[in-house]
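Subject: Structure for you to look at

Hello,

Here is the structure I said I would pass on. My notes on what was found in it follow below.

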Amino acid sequence: MRLEGKHIILGITGSIAAYKAAYLLRGLVKEGAEVQVVMTPAAKEFITPVTMSALSGKPVASEFFAANDGTWHSHVDMGQWADLMLIAPVTAATLGKMAHGIADNLLVTTYMSTKCPVFVAPAMDLDMFRHPSTLKNLDILRSFGNVILEPAEGELASGLHGKGRMQEPEQLVEEVVNFFNSKKKLLNKKVLVTAGPTYEKIDPVRFIGNYSSGKMGFALVEELAEQGAQVVLVAGPVSLQLTHPNIQRIDVQSASEMYEVCLHHFPEMDAAIMCAAVADYRPKQTAAQKMKRQTNEMSINLEATADIAASLGKLKTGRQLLVGFALETNDEEQNALGKLQKKNLDFIVLNSLQDQGAGFGVDTNKITILSKDNNAQVFELKHKTEVAADIVEKLTQELAKL
Ligand code: CTP
């Protein structure tokens, strides 16, 4: 599903090619897009809104007010919601209205309210298509930044032969997919991410853990997947959910389980981001039975866990990037740089518990990215989704240098 999560407005105007819009809509929905159909009054003479609402799973918007209950179809809300507007087929009349701001129906007002890219697929007879007014209007739309999906040569519904035939629905779906793919920065890249805490068992009911919520790691994974990467997420015990099809999630409990999974997957990765708060020590022995309260004092013998980041740092080839995190309370930069060197990282994301709004459990973070070439990038306090975008941008730049 190459259009998962994408919001598309499909505009349909009054051309005989409107029947193809049903196949087009089906193709977009099959690829995972959420589609809002907007039809001009004339389009409804060619294909029924019932067909289009059944295929899209949403009522078709056509009038400013829905006839049955008077609901207001807000062209502004639709315009804000959309990631792409595709008008297919578009007639000479609608092209003219779009070019000259004649907003006398819901489709053209929606067009004028969108901030997203707009694609149009003309369909008309060859004489109408080559008329100077059509050609001029198409030029005006190009000058607005709209994309014209040129009609093909071929037999036209009128019986004439020439240019004017709307591109086939499958081709139009490919155009849409290619457009979204071209904006993805990490298409075909494979990235391993660790996230969340680890639990180190003391006995069947107790463990040593930490307060990591996994929110930063999960935000990162979402952003990586959104940018086209294939992601393997190795998650400690957290209650967060993900749905993106590019994400393979492997749940683990302990540092040693996380270590095994990471070592197994790392060789085929382009990059690994170590976001988990991994326990540094675990109980030397795990009691088979629940431990009883006996004396006033007790101690548990601990032993060091494997350092996952450092192990991957040793295995790393020149074609792979390794990114670490450091959550520090004091001597932040110095400590983070020490970890960067010790673990052979390419860059490290530092957050300080001194900063308000940074750290465990909260939705925001304030980071500094320190690179192995001693470069420091300081970022503002932001929502973790925006922080994730900054980190992914840095990763993209560094991958391009390999
Ligand atoms: N890390 C890891 N495996 C471990 C410990 C840490 O992969 N056993 C990774 C973390 O995911 C993080 C980086 O190493 O990306 C730094 O983690 P941190 O706990 O700050 O580092 P430590 O080397 O354990 O240093 P400290 O003494 O401050 O705990």
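A polar contact here is a pair of N or O atoms within 3.5 Å; within protein, one must be able to donate a hydrogen and the other to accept it, and residues adjacent in sequence count only if both atoms are side-chain atoms. The model is predicted, with local features needing pLDDT of at least 70 and side-chain atom pairs counting only at pLDDT 80 or more, while totals for chains, interfaces and linings use all residues. Residues are numbered from 1 along each chain as its sequence is written, and side-chain values use heavy atoms, with hydrogens and water left out.

The ligand

Ala 306 has a polar backbone atom 3.0 Å from a nitrogen atom of the ligand. For Ile 308, a backbone N or O atom is 3.0 Å from a nitrogen atom of the ligand. Asp 280 places a polar side-chain atom 2.8 Å from an oxygen atom of the ligand. On its own the ligand exposes 570 Å², and the protein buries 77% of that (Shrake-Rupley areas, 1.4 Å probe).

The shell around the ligand has 14 residues, the closest being Met 274, Ala 276, Phe 325, Lys 339 and Lys 343 (near means a heavy atom within 4 Å). By type the shell divides into 8 nonpolar, 2 polar and 4 charged residues; Gly counts as polar, and Asp, Glu, Lys and Arg as charged. Two or more shell residues come from each of helix 12 (308–315) and strand 16 (321–328). Helices (H or I, at least four residues) and strands (E, at least two) are DSSP runs, numbered from the N terminus.

An open sheet is formed by 5 strands in the order 2-1-3-4-5, with parallel pairing; two strands pair if DSSP finds at least two bridges between them. Its edges are strand 2 (34–39) and strand 5 (147–148), each pairing on one side only. Strand 1 (residues 7–12) is joined to strand 2 by 6 bridges, and Leu 10 has Val 37 as its bridge partner in strand 2.

Two backbone details

Most residues other than glycine have a negative phi, and most peptide bonds are trans. Ala 88 and Pro 89 are joined by a cis peptide bond, with omega about 0°, and Pro 89 is in strand 3 (residues 84–90). Asp 331 has a positive phi, near 40°, and lies in the loop between strand 16 and helix 13 (332–342).

Regards
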